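Colleague: I'd like to learn how to read a model like this one, feature by feature. Can you walk me through it?

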Amino acid sequence: QMCRESLHVRDLSVIVTALARVQCADQAAMSRFTDYAVQTLPEATPLELARLMHACMSVSCVVHDFFSACVIQTRERALSMDPKGLSAAAFAFGQCFEVAEVAHLRYIRQIFRGLRVASVASMPMFTPREIVSLLRTYARWQIT
C-alpha cells in the first residue's frame, strides 16, 4: 500500500522503470503511480516525463489523463528549451515508439508536434550538428 506522500516524477520514473523491467507492474499499480506523478508534473523535465511515459507504455498502461497532462507539460517546457535539450527530448520521446501500442501513439505524436513547433521557433539558435541530431531522431522513428 502506497502512502500519500508525493514523490517527484524523477523518482517515480525510476521506480516504474524498475518494476516494468522485472515485469512486476500491473495496470492498477501503474495507474496509482501516474496519479502520484501528476502532483509534481509541473516540476518535471521533458526527459523525466519521457522516461515515465516509456515505462508506462512498456507495461501497456494507458492512463489518458496522465498522458494528456504530459503532452501539455512537454509542449510548455519545449518552448523554453535550448536546441540541445530539444534534441535530447526528441530522442527520449522517440524511444517511446519502441514500446507504444496504438492507444499511445496519439500522445507521442502530439508531443512531437510541440517539439517541432519549438524547434522551428528556435531554429536560428541551432548549430548544424544539432539540426542533424534532431533530423536523425525524426528519421529514425519515421516521425512526420
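Predicted model: local features only at pLDDT ≥ 70, side-chain atom pairs only at ≥ 80, totals over all residues.

Modeller: Let's begin with burial: a residue under 20% relative accessible area counts as buried. Phenylalanine 66 has a relative accessible area of 1%, so it is buried. Phenylalanine 67 is buried too, with a value of 0%.

Colleague: How are the rings of phenylalanine 66 and phenylalanine 67 arranged, and how many aromatic pairs does a search of the whole structure find?

Modeller: For ring pairs you look at the distance between centres and the angle between planes; under 30 degrees is stacked, over 60 is edge-to-face, and the rest is tilted. The search of the whole structure turns up 5 aromatic pairs. In the pair formed by phenylalanine 66 and phenylalanine 67, the centres are 5.5 Å apart and the planes sit at 55°, so this pair is tilted. Ring pairs also join Phe66, Phe67 and Tyr107 into a cluster.

Colleague: Now the core. Which residues have the most contacts inside the largest nonpolar core?

Modeller: Think of a nonpolar core as buried nonpolar residues joined through side-chain atoms. The largest one here has 43 residues, and those with the most contacts inside it are Met53, Phe66, Phe93, Phe112 and Leu115. At least two residues of this core come from each of H1, H2 (27-39), H3, H4 (64-78), H5, H6 (102-121) and H7 (128-140). H3 gives the most, with 7 residues.

Colleague: And what is methionine 53 in contact with, once its neighbours within four places in sequence are left aside?

Modeller: Methionine 53 is in contact with Phe66, Phe67, Cys70, Phe93, Cys96 and Ile111. Alanine 103 belongs to helix H6 and, at 34% relative accessibility, counts as partly exposed.

Colleague: What about glycine 85: buried or exposed?

Modeller: Glycine 85 is at 16% relative accessibility, so it counts as buried. You'll find it in helix H5. Glycine 85 and leucine 47 are 38 residues apart in sequence, with their C-alpha atoms 8.8 Å apart in space.

Colleague: Leucine 47 lines the largest pocket, too. How much space lies in that pocket, and which residues line it?

Modeller: About 260 Å³ of space lies in the largest pocket. Its lining is made up of Thr17, Ala20, Arg21, Leu47, Ala50, Arg51, His54, Ala55, Ser58, Ala88, Ala92 and Gln95. Helix H1 (9-21), helix H3 (46-58) and helix H5 (83-94) are the elements that each give two or more residues to that lining. The largest share, 6 residues, comes from H3. By class, the lining has 6 nonpolar, 4 polar and 2 charged residues.

Terms used:
Residues numbered from 1 in each chain as written. Heavy atoms only, no water. 1 Å grid on protein atoms, 1.4 Å probe; cavity = no way out; pocket = protein on both sides within 12 Å on 5 of 7 lines; lining within 4 Å. Points joined across faces, edges and corners; volume = space filled by probe spheres on them. Helix = DSSP H or I, 4+ residues; strand = E, 2+ residues; numbered from the N terminus. Nonpolar A, V, L, I, M, F, W, Y, C, P; charged D, E, K, R; others polar. Core = buried A, V, L, I, M, F, W, Y, C linked by side-chain atoms within 4.5 Å. Buried < 20%, exposed > 50% of the residue type's maximum accessible area, 1.4 Å probe, protein only. Contact = heavy atoms within 4.5 Å. Phe/Tyr/Trp six-rings, centres within 6.5 Å; stacked < 30°, edge-to-face > 60°.
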